[in-house]
Amino acid sequence: AAGVMWFRRDLRVHDNHALSRALASCAVVHCVFVFDTNILAGLPRADRRVEFIRESVDELDASLRELSGGAEGGLIVLHAGAKDAVPALARQLGVDAVFANHDDEPASLARDAAVRTALAAQRIGLHTFKDHVVFERKELLTQAGAPYSVFTPYRNAWLAKVTAGDLAAHRMEAHASRLAARPPATRAGVPPLTDLGFQRTNLGALGIAPGERGAQRLFAVFEPRMSAYGRTRDFPSVKGPSYLGIHLRFGTISIRALARRAHAAALAGDEGAATWLSELIWRDFYAQVLANFPHVAGPGGESRSFKPAYDAIEWEDGVAAEGLLAAWCEGRTGYPLVDAAMAQINSTGYMHNRLRMVVASFLCKDLGIDWRRGERYFALHLNDYELASNNGGWQWASSSGCDAQPYFRIFNPLSQSRKFDPEGRFIRRYLPQLAALSGDALHAPWTASAAELSQAGVVLGRDYPHPIVDHDAARTRTLERYAVVKTPA
Ligand code: FAD
C-alpha cells in the first residue's frame with residue numbers, strides 16, 4: 001500500500017507517531033506540508049511563527065531527503081487551502097491512506113472532518129494518532145467517569161497512570177527506505193517567506209533557532225538547569241524556564257522525550273524536575289479541557305467562560321475602555337512590571353509565565369476589560385500561542401475557568417513586582433527610562449519623591465506615564481462587578 005504523511009503541528013522526523021505508523025504500514029510513503037491559506041490569511045504580515053514554521057519545514061525537508069537517501073526524496077510543500085489540497089494530492093499520488101496526528105482545536109477538527117469526507121469519497125482512509133500530548137481526550141477520567149476540571153487531582157491521576165510505554169519514542173528509522181521519491185512536478189521546495197506573503201522578523205536576532213536541531217540545542221542548555229526550576233521559575237529576570245514553548249507548539253520536539261527525562265529525574269528525587277514535569281502536565285490538562293469542554297473556545301471562535309455564570313459579568317466598554325486596552329497593549333499603564341512585561345511580548349513574542357499571570361489579572365481585574373480581549377492579543381503575539389493553554393491561562397486569571405481559587409483573590413501588581421522582581425532587574429531591562437530609579441520608586445514611580453525622580457532624570461507624564469488606574473479602587477469595582485456570579489468558588 002502507499003500512503004501520505006501529512007505534517008501539521010508535528011514538524012519533526014524523530015518520535016513522530018503518525019510518521020512511524022505510516023512507515024510501518026505502507027510500502028511507500030509520501031510526505032506533505034501545506035502552508036494553509038485559510039490559516040495564514042488571519043495573521044499579521046510580519047509573524048515570527050510563520051518564519052519559524054518556514055525554517056522548520058525547510059529543515060524537515062532536508063531531514064527527510066537525508067533519510068530517504070536521495071535528492072528526489074523529501075517533503076512535498078504546498079501553499080493552498082489544506083481542506084481541498086490534501087484530498088487532491090492523495091488522488092493524484094494514487095495512495096490508499098493519509099496519516100496525520102491529532103489536533104483537537106475546533107477549526108482543525110472541522111478541517112479534518114472535511115478532509116476525511118473528501119478522502120472517503122475516493123475510498124482513501126484518514127488515519128490520525130495521538131502525538132502532541134501524553135494523555136488526550138478521555139484517556140484520564142475521574143472515578144465517576146467524567147473529565148477532570150481541577151488540576152491537582154488530574155496531575156495525581158496522570159502520575160499514577162503513566163508508564164514507560166506512554167513515554168516511549170515512536171521509532172521509524174528501520175523503515176526510512178520506504179520514504180518515496182517526489183514526482184517531478186512536486187519538487188519545487190519550500191517557498192521563500194515573501195512568496196507566502198510574509199516579511200522577515202527579528203526571530204533570528206532573538207536567537208530563536210527553529211527546527212528539531214534548534215529544539216535539541218535549547219533542551220540541552222535547559223536540562224542542567226532543570227533541578228533549579230522550582231526555585232528560579234517565578235523570577236522573570238532569571239533564566240529559569242526552558243523557553244521550549246514554541247517548539248512544543250509546532251512539534252519540533254517530542255513531548256514524550258521531554259516528559260520521559262523529567263519523569264526519570266523526578267523519580268530519582270529531583271524536585272525541580274518534578275515541578276517542571278507538572279508544567280508539562282498542565283499542558284496536557286488544558287488540552288483535555290479544550291477537547292472535553294469545547295464551549296470554552298466558543299462557537300465561531302468567540303471564547304466562553306468554563307463556568308457559564310461568568311459570562312454574565314459586564315465588562316467596561318466604550319471609548320474609555322478602548323483607551324485602557326490600548327494602554328495595556330502598548331505598555332503604558334504606569335505600572336512598571338506590567339509595562340515591562342508588555343514590552344517583552346511586543347518585542348520578542350515571549351512573556352514569562354509569572355508575568356502572563358500578572359498582566360492578565362491586571363487587564364480583567366484592574367482595568368475591568370473582558371479577558372477575551374487579552375486572550376486575542378496574546379493569540380496574535382505569543383510565539384508559543386496554543387489555543388488550549390492560552391484560553392486556560394486567561395480563564396484562570398479571570399477566575400472563570402478551572403481554578404479552585406475564588407474570584408476575590410486579586411493579584412496586587414505592586415506586591416507582585418516587589419516579590420518577583422525585587423531588585424527591578426527585569427523592569428530596568430525593558431524600561432530603560434526608569435533604570436536610575438530603585439526600590440519602591442522603581443516599582444511604583446508615582447510614590448517616589450520629587451527628589452528621587454529628578455535625581456533619576458524621570459518626569460512622570462513625560463518619560464513614563466502616571467498610573468491609569470488606582471489598584472485599591474479597581475479592586476472594589478471588580479468585587480462589585482463579579483458579584484453577579486452567585487457561586488464564587
Ligand atoms: P516552561 O516553564 O519551561 O514550561 C515548559 C512547558 O510546559 C511550556 O513550554 C509549556 O508547553 C508547558 N507549560 C508551562 N506552564 C504551563 C501552563 N500554565 N499551562 C499550560 N502549559 C504550560 N502556554 C502556551 O504554551 N501557550 C499559550 O498560548 C499560553 N498562554 C498563556 C496565557 C496566560 C494568561 C497564562 C497565565 C499562561 C499561558 N501559557 C501558555 C502557559 C505558560 O505561561 C507558558 O507555557 C510558559 O510561560 C512558556 O514558557 P517556557 O516554554 O519557557 O515554559
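This is a predicted model: local features need pLDDT of at least 70, side-chain atom pairs count only at pLDDT 80 or more; totals for chains, interfaces and linings use all residues.
**Entry 1: two helices**

I began with helices α11 and α12, whose crossing is left-handed (the near helix is turned anticlockwise from the far one by less than a right angle). Helices here are DSSP runs of H or I, at least four residues, numbered from the N terminus. I then looked up the packing: α11 (residues 255-267) and α12 meet at an angle of about 145 degrees, their axes 8 Å apart. The axes are lines fitted to C-alpha atoms over the stretch in contact, and angles run from 0 to 180 degrees between N-to-C directions.

Residues are numbered from 1 along each chain as its sequence is written.

**Entry 2: the ligand**

Next I checked what surrounds the ligand, and found 27 residues, each with its C-beta atom, placed from the backbone, within 6 Å. The closest are Pro241, Ser242, Gly245, Asn390 and Gly393. Helix α17 gives the largest share of this shell, six residues.

**Entry 3: asparagine 390**

I followed Asn390 into helix α17. Is asparagine 390 buried or exposed? Asparagine 390 counts as buried because it has 21 C-beta neighbours inside 10 Å, and the cut-off for buried is 20 or more. Leaving out residues up to four places away in sequence, I saw that asparagine 390 touches Glu375, Phe378, Ala379, Leu382 and Tyr385 (contact puts C-beta atoms, placed from the backbone, within 7 Å). Last, I looked at alanine 450, 60 residues along the chain from asparagine 390: their C-alpha atoms are 41 Å apart.

Key. A residue is buried if 20 or more other C-beta atoms lie within 10 Å of its own, exposed if 12 or fewer, and partly exposed in between; C-beta atoms are placed from the backbone. Two residues are in contact if their C-beta atoms, placed from the backbone, lie within 7 Å.
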